[in-house]
Amino acid sequence: MQISDRDLYFRIERLYARYQRCIDDDELELWPNFFAEKSRYKIISSENYEQGLPLGIIDADSKSMLEDRVASIRRANIFEDHRYKHFVSAIEVTEIAGSIVSIIANYQVVRIDIRGNAMLFSVGRYKDKISFDQDPPVFLEKLVIFDNQRVDTLLALPL
Amino acid sequence: MAKTRTSSVRFPNDGLVEIPYDIYTDPDLYRDEISKIYRGATWNYVCLAAQIPNHGDFVTSYVGETPVIATRDREGSIHVMENRCAHRGALVCLKNKGNAKLLSCVYHSWTYKLDGSLHGVAFENGVGGKGGLPEAFNKATNGLKRLKVTEFCGLVFATYSDETLDFETYVGPEIANHIRSILSKPLVYLGRNVQVLPNNWKIYNENLRDSYHASLLHTFFNTFKLNRLSQEGGIVVGAGGGSHISYGKSKTGVDHEGYKAEGIHSLKDMQLKDPSLLDALDESGEGMTTRILSVFPSLGLQCHYNSIAIRQVLPKGVGETELVWNHVGFVDDDEAMRERRLKQSNLVGPAGYISMEDGCIGGFVQQAIRGVSGEVGIVPMGGSGTESTDARATEVSIRGFWRAYRDFMGM
């Protein structure tokens, strides 16, 4: 790709900032737009991932599945109101293949519940493949590998 | 376990309809439950035989609150023993899984064979003729504490008691046959998810047996027209009341009118944009889309379409429960079938379309009963008994749970 390292990192940083703000600011309807039509979004425990076991807690292989997920969160599923704050750091480019950039990054998600408690809800890493064919870039694959195996209460909002 | 106080929790009468709220909050009762139920004459789910396929394989698990190890020995037999060194009580296995010739405690290097018997004691004869074990020390009686084991359809259960009925008698022939029907072939383990529920273990056990709530709380069913209480189906309550199966068949009696008449929320009849989620194959041969089975006190077995999971219910203190979702397929699944099972795993688990509410609903109960004394919750739907039924708007299997509970607790 004809793009300087600095520009590439800047564009990736901006993508993650927009991604986390979309979820944290409750604009879930826009969340599927961060993904290509044919894309993979999977949340999996590091235990399963490292043992080569395929089971995730969310496993979607199309943007439409993510739209269904949002529709279900909005209109079907029942849970106490809560919000997240994402913190993404240590972004590293691991591979560039044409316009497709693979990255790995750490994330933390703090969950704030309706009673005013904040807890460290999820911590782990993203292993993502991003297509820079379009602007803004989109995820072809987003693998959320969480280290805290015990998921508190439920996971409704995406990570 | 020294019991210092006796619980004051009492049922208001001999029936099974009125459940005292402090049964979910009383710490003394909780200690009694650990000893009378989890360490009593019950079969507790430990792991899948498929998780320890090879000689020397081990996994760690729990029976009630107690850490245990399940192993497969050189002869292929499965053993379950407490994960606690006979010497000073340290954990023996520190990893969740592995393969070993011997189990070795890191504290003083005591080693155990795969059946839990004591193998070696470091400096058994002392050093330079001084110290070491006394001659009277009997290694044969100082192994890891062993539990009785049974394997049924690839599920490994353990019990502390010699009085526990054989497994088929324990659950009854009908429930045993339903397990055989769901787990009809050798299993392959697909992984697990662990969910922490902010409620007492019995609230989840009730939820598991509560066919009444399924289409009312889990509105994904309604919204996408997947399940109605008016579907054909029914409930079988097993021996002693503690076990049950609730099942439903698709494309029978999909009746919106009853739901409209009741004014039930979320009847929106939406369509999935990507319906491949529910591209299911009928493995039951009878059109069953939902089968939820329980075995007192720690097992749930679920088959939603092609998603098969074994749910292990673990008490973690009076107000917390850990729910371990172990997903399986069959060894003869082709790639398409495996993908189908994984895709349908979106239905269940901590983020499951039709199960996530169960993660919070028990917490809503646990929050609301705080500080309450002398009051009861009621389970009157479908009468007061525990007989099998073809109704689904019923709480019959919850009452079955309480029948088994009262028997084991002597309450």
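In chain A of this predicted model, residues 24 or more positions apart account for 57% of the contacts with a separation of 6 or more. Buried residues make up 36% of the 159 residues in this chain. The C-alpha atoms of chain A fill a box of roughly 50 × 35 × 30 Å along the principal axes. A compact globule with 159 residues would have a radius of gyration near 15 Å, and chain A, with 15 Å, agrees with this. Three helices and seven strands are found in chain A. Read from the N terminus, these elements follow the order α-β-α-β-α-β-β-β-β-β.

Chain A meets chain B through a contact that takes 29 residues from chain A and 33 residues from chain B. On the chain B side, strand S12, helix H6 (219–223), helix H8 and helix H9 (356–368) each supply at least two residues. Strand S12 of chain B gives the most to this side, with seven residues. By class, the residues of chain B that touch chain A divide into 15 nonpolar, twelve polar and six charged.

Strand pairing also links the two chains. Strand S7 of chain A (residues 150–152) pairs with S12 of chain B in the parallel sense, over three bridges. Within this pairing, A:Val151 has B:Gln195 of S12(B) as its bridge partner.

Helix H8 of chain B, which spans residues 335–344, has a run of buried residues at B:Arg340, B:Arg341, B:Leu342, B:Lys343 and B:Gln344. The buried residues of H8(B) pack against elements of both chains: strand S2 (58–60) of chain A, together with strands S12 (187–197), S16 (299–304), S17 (307–315) and S18 (321–330) of chain B.

Turning to chain B itself, the domain assignment gives domain 1 (44–151) and domain 2 (188–409). The centres of these two domains, taken over C-alpha atoms, are separated by 36 Å. Eight residues from domain 1 of chain B and ten residues from domain 2 of chain B take part in the contact. On the domain 1 side, strand S2 of chain B (residues 44–48) gives the most, with three residues. The side of domain 1 that touches domain 2 has four nonpolar, three polar and one charged residues.

The largest nonpolar core has 139 residues, and those with the most contacts inside it are B:Val46, B:Leu48, B:Val68, B:Ala70 and B:Val156. Helix H10 of chain B (residues 396–409) provides the largest share of this core, six residues. Domain 1 (44–151) and domain 2 (188–409) of chain B both give residues to the core, so it lies between them. For B:Val156, leaving out residues up to four places away in sequence, the neighbours touched are B:Val46, B:Cys47, B:Leu48, B:Ala49, B:Ala70, B:Ile78, B:Val149 and B:Glu151.

Three strands of chain B form an open sheet in the order S7-S8-S9, with antiparallel pairing. Its edge strands are S7 (103–104) and S9 (118–120), each of which pairs on one side only. Two bridges join S7(B) to S8(B) (residues 111–112), and B:Ser104 stands opposite B:Thr111 of S8(B).

An antiparallel pair is also formed by strands S13 (residues 233–237) and S14 (residues 244–249) of chain B, which five bridges join. The bridge partner of B:Val237 is B:His244 in S14(B). These strands form a hairpin with six residues between them, and B:Gly240 in the turn has a positive phi of about 75 degrees. S13(B) is mostly covered, with four of its five residues buried.

Helix H4 of chain B (residues 201–208) is mostly covered as well, eight of its eight residues being buried. The buried residues of H4(B) are B:Trp201, B:Lys202, B:Ile203, B:Tyr204, B:Asn205, B:Glu206, B:Asn207 and B:Leu208.

Technical notes:
Residues are numbered from 1 along each chain as its sequence is written. Chains are lettered from A and ligands numbered from 1 in the order in which they are written. This is a predicted model: local features need pLDDT of at least 70, side-chain atom pairs count only at pLDDT 80 or more; totals for chains, interfaces and linings use all residues. Two strands pair if DSSP finds at least two bridges between them. Domain bounds come from an automatic or database domain assignment. Two residues are in contact if their C-beta atoms, placed from the backbone, lie within 7 Å. Ala, Val, Leu, Ile, Met, Phe, Trp, Tyr, Cys and Pro count as nonpolar, Asp, Glu, Lys and Arg as charged, and the others, Gly among them, as polar. A residue is buried if 20 or more other C-beta atoms lie within 10 Å of its own, exposed if 12 or fewer, and partly exposed in between; C-beta atoms are placed from the backbone. The radius of gyration is taken over C-alpha atoms; the globule rule is 2.2 Å times the number of residues to the power 0.38. A nonpolar core is a set of buried Ala, Val, Leu, Ile, Met, Phe, Trp, Tyr and Cys residues joined through C-beta atoms within 7 Å.
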